[in-house]
Amino acid sequence: MRHLTILGATGSIGKNTLNVVDRFPDRFSVKALTAGKNISLLADQIKRFSPELAVVYSETDALQLKERLLPDNCTEILFGEDGYRAAAVHPDVDTVVSAIVGAAGLLPTLAAIDAGKHIALANKETLVMAGDIVMSRVREKKVSILPVDSEHSAIFQCLAGNRKKDFKKILLTASGGPFRNLPADQFKSITPEKALAHPTWEMGAKISIDSATLMNKGLEVIEAKHLFDVPHQKIEVVIHPQSIIHSMVAYIDGSVIAQMGTPDMKGAIAYALSCPERLPLNLPLPDFAAIGALTFETPDMVKFPCLAHAFAACEAGGTLPCVLNAANEVAVDAFLNKRIGFTQIPEVIDHTMGKHNVISVPEIDEILLADQWARKSAEKWVERFAIKENI
Ligand code: NAD
Ligand code: MG
């Protein structure tokens, strides 16, 4: 029996995780659930799974949640940073599903590792911001960190049973997002509504925009570098619009091993929680005859500069990936709120990265300071762009 904390339970990954948990009650029990502001869904989840602890963003949210759960609630309700930490280190928990979106996922995930919990990692931002620190704590605490991200789950599966010295490179696949075939001169007309409509995956808002800019793939390159201890020169991004191959690993003898499946995050989530066993999820197999062809392309880094920025940050290392991530979060939020246009997302990131003095081997406090600095700096660029648009 695995005893779980699910950080970000009300999100796309959180809901899929609870769906898996619900189907295998003899294997999983839920001890703690956290959410941001979606009180009504969290209340439903508490009623269904009866966790010992639930955590929300603010004190007001906590009071509202308590009211919703009246009259017979047995779940302790906490809020804010201390609350998220308490869920991450809960004494009855052995595995933490890290599925908060963005930089907010870093500290609770680190706290969980420090408390000796195994991690099922969806929050790629944790490794982008502080990959070296996180992975060294994982080794120190002898916990496992298993990928929920579908590409990394695929790579993990393709590496299994092979010797590290036979490894040649990772082929990280990307759907290409909704604007793969849109001419660059039409990118200015991209609205949040269009960008949120991903062709193959159903995800939260931030990762959907990241997929449309290809920043998601850039963040995944950095995630893969840390998770599998591979230099970025050995990670190649391949556009594969059908999203049937979830990633591949090439070996020195010329063999390439691919992991395939119908796009559904429940597969990767279940494997991160049950590996090396596979759960009878009964997901539909890809209908290869109906699909007809699996196609591949090279990514266009001119049309999608976010991917180039991510490779540059990955190569520089230190605090730069954290700055890339923070600037991206600010820019994506500004785009979703219609303050800047789609093509200004990479511009905000580029300007912010350009002004940063990189610390090459940062401590966690320096990472957090770089994150705050980058947010302020990126916000200034957003304001400038927003003013220009209004003139
Ligand atoms: P989402 O927006 O659907 O859900 C995010 C969750 O985090 C929600 O429960 C929300 O309430 C909570 N949250 C948001 N801000 C918070 C804050 N400041 N403090 C505490 N909690 C907060 O996101 P998602 O699509 O489920 O993605 C979650 C993570 O998983 C991201 O890092 C994403 O990159 C990664 N991921 C997602 C998918 C996917 O298919 N959705 C695939 C691979 C990786
Ligand atoms: Mg992914």
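**Group meeting: a predicted model with a magnesium site**

Lys142 is found in the loop between α6 (125–141) and β7 (145–147). Helices (H or I, at least four residues) and strands (E, at least two) are DSSP runs, numbered from the N terminus. Before I continue, please note that this is a predicted model, in which local features need pLDDT of at least 70 and side-chain atom pairs count only at pLDDT 80 or more, while totals for chains, interfaces and linings use all residues. Residues are numbered from 1 along each chain as its sequence is written, chains are lettered from A and ligands numbered from 1 in the order in which they are written, and side-chain values use heavy atoms, with hydrogens and water left out.

Let me return to Lys142. Its phi is near 55°, a positive value in a residue other than glycine. Most residues other than glycine have a negative phi. Lys142 is exposed, at a relative accessible area of 71%; here exposed means over 50%, buried under 20%, and partly exposed in between, with a 1.4 Å probe and protein chains only. Asn282 also has a positive phi, near 55°. This residue lies in the loop between α11 and α12, and Asn282 counts as exposed at 71% relative accessibility.

The loop between α11 (265–274) and α12 (288–291) also holds Pro276. The peptide bond that leads from Cys275 to Pro276 is cis, with omega near 5°. A cis bond also joins Leu70 to Pro71, with omega near 5°, and Pro71 sits in the loop between α3 (59–69) and β4 (76–79). Most peptide bonds are trans.

I turn now to the metal. Which residues coordinate the magnesium ion (ligand 2)? They are Asp149 (OD), Glu151 (OE) and Glu220 (OE), at 2.1 to 2.2 Å. Donors are N, O and S atoms within 2.8 Å of the metal (3.2 Å for Na, K and Ca); water is not among the atoms, so sites may look incomplete. Along the chain, the donors of this magnesium ion follow the spacing D-x1-E-x68-E. Glu151 belongs to helix α7 (residues 150–159) and Glu220 to helix α10 (residues 215–228), so the pair ties together parts that are 69 residues apart in sequence. Glu151 is buried, with a relative accessible area of 8%, and Glu220 is buried as well, at 1%.

Finally, Met260 has its place in strand β11 (residues 256–260). With a relative accessible area of 41%, Met260 is partly exposed.
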